[in-house]
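Here are some notes to read alongside the structure, for anyone opening it for the first time.

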Amino acid sequence: MKTVRLNKETEIPVLGLGTWKLNGEECVEAVAEAISIGYRHIDTADAYENHAEVREGIRKSGIGREDLFLTTKLHFDDGYKEETVRKSGERLLKELDTDYVDLLLIHWPDRSTSFEETLHAMDELKKAGKARALGVSNFTIHHLEDALKAGVEITDNQVEIHPAFTQKELRDFCALKKIAVTAYSPLGRKHVLELPLLHELADKYEKTPAQIALNWIVSRGMITIPKSANPQRIKENFDSLSFSIEEPDLVRIDEIPQEERIVAPAYSDFDY
Ligand code: A2P
């Protein structure tokens, strides 16, 4: 699968399995199924409370650790002080039964601790070989401007992106700063599956609206992590990269009228 380079040592496969809301046996099965289909990138988070199930799915798949790209995120509830980051880092590695994660993210910006303190603590984990690349999630341009001042390499910003919420300005800023963009909720929680243009293009390319949305995301240079618990849809999403959408059609998707973001919990900081 195509990859995007994050830093000298690390490349991220452009399609991964998202695991938000995947728990219990359903999570174990989805992870094992995805890996058997060919996924080599699994995205989780401390806050999803499914590290043990992700670990079990990986174990069940029989894949070697070095053949898999694993992302997790530090829990926003814990705060992001130096000591907490260090302790959480150790704990999540134990939960995932691994010596390192490929990508470690700040899950949500929390300005009660300086980004500098958090990122330097994360950088210590990286220097100790416990994370191969560092990044953030749900950061606006303003958060990134502040965070970049820490002088720690931020390789990825994972944010909500789908055809009805394309975040072009943020993507352009990330491109300028050489920060990869991972699109979460790429199907807008199934909402984008209703967009007429995606149906029109699905008919044209003999694909599904979900496959059109995912292909557009990757065609625009991003990484994406669709969540599915269903084996057929896990496969359908994986197959979204096996065809090309013509540029004029990609442009039509770029121009879909924009809507409000879907993921905006009370603790989010999107107005900053
Ligand atoms: P399910 O787990 O039953 O497949 P998002 O990633 O945008 O948050 O969307 C996730 C939602 O979309 C989940 O409810 C998931 O349900 C559903 N989903 C995932 N892949 C597909 C697909 N290819 N077609 C339709 N629905 C999908």
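1. Start at helix α9, residues 231–238: with 3 residues, this helix gives the most to the shell around the ligand. Keep in mind while looking that this is a predicted model.

2. Who else is there? The ligand has 15 residues around it, and the ones that come nearest are Leu187, Ser228, Ala229, Arg233 and Asn237. Sorted by class, the shell splits into 5 nonpolar, 5 polar and 5 charged residues.

3. Now zoom in on some atom pairs. At Ser228, an N or O atom of the side chain is 2.6 Å from an oxygen atom of the ligand. Asn237 also uses its side chain: an N or O atom there is 2.8 Å from a nitrogen atom of the ligand. With Leu187 it is the backbone that takes part, as one of its N or O atoms lies 2.8 Å from a ligand oxygen. As for cover, the ligand on its own has 570 Å² of accessible area, and the protein covers 84% of that.

4. Step back and look at the space itself. The ligand takes up the largest pocket, which holds about 790 Å³ of space. Its lining counts 35 residues, and Trp20, Ser185, Arg189, Pro226 and Lys227 are the ones nearest the centre.

5. Rolling a probe the size of a water molecule over the atoms shows where empty space is left. The count comes to 1 cavity of 30 Å³ or more, and the volume of the largest cavity is about 30 Å³.

6. To locate the largest cavity, pick out the residues that line it: Gly89, Leu92, Leu93, Val101, Leu104, Leu125, Lys130 and Ala131. Both α3 (82–96) and β6 (101–106) supply at least two residues of this lining, and the largest share, 3 residues, comes from α3.

7. After that, colour α3 and look at the lining of the largest cavity, where α3 has the largest share.

How values were computed: Residues are numbered from 1 along each chain as its sequence is written. This is a predicted model: local features need pLDDT of at least 70, side-chain atom pairs count only at pLDDT 80 or more; totals for chains, interfaces and linings use all residues. Side-chain values use heavy atoms; hydrogens and water are left out. A residue is near a molecule or strand if one of its heavy atoms lies within 4 Å of it. A polar contact is a pair of N or O atoms within 3.5 Å; within protein, one must be able to donate a hydrogen and the other to accept it, and residues adjacent in sequence count only if both atoms are side-chain atoms. Accessible areas come from the Shrake-Rupley method with a 1.4 Å probe; for residues, only the protein chains shown count as cover. On a 1 Å grid over the protein atoms alone, a cavity is a set of points where a 1.4 Å probe fits but cannot get out, and a pocket is an open set with protein on both sides within 12 Å along at least five of seven lines; lining residues have an atom within 4 Å of a point. A molecule sits in a cavity or pocket if more than half of its atoms lie within 2 Å of its grid points. Helices (H or I, at least four residues) and strands (E, at least two) are DSSP runs, numbered from the N terminus. Ala, Val, Leu, Ile, Met, Phe, Trp, Tyr, Cys and Pro count as nonpolar, Asp, Glu, Lys and Arg as charged, and the others, Gly among them, as polar. Grid points are joined across faces, edges and corners, and a volume is the space filled by probe spheres set on the points.
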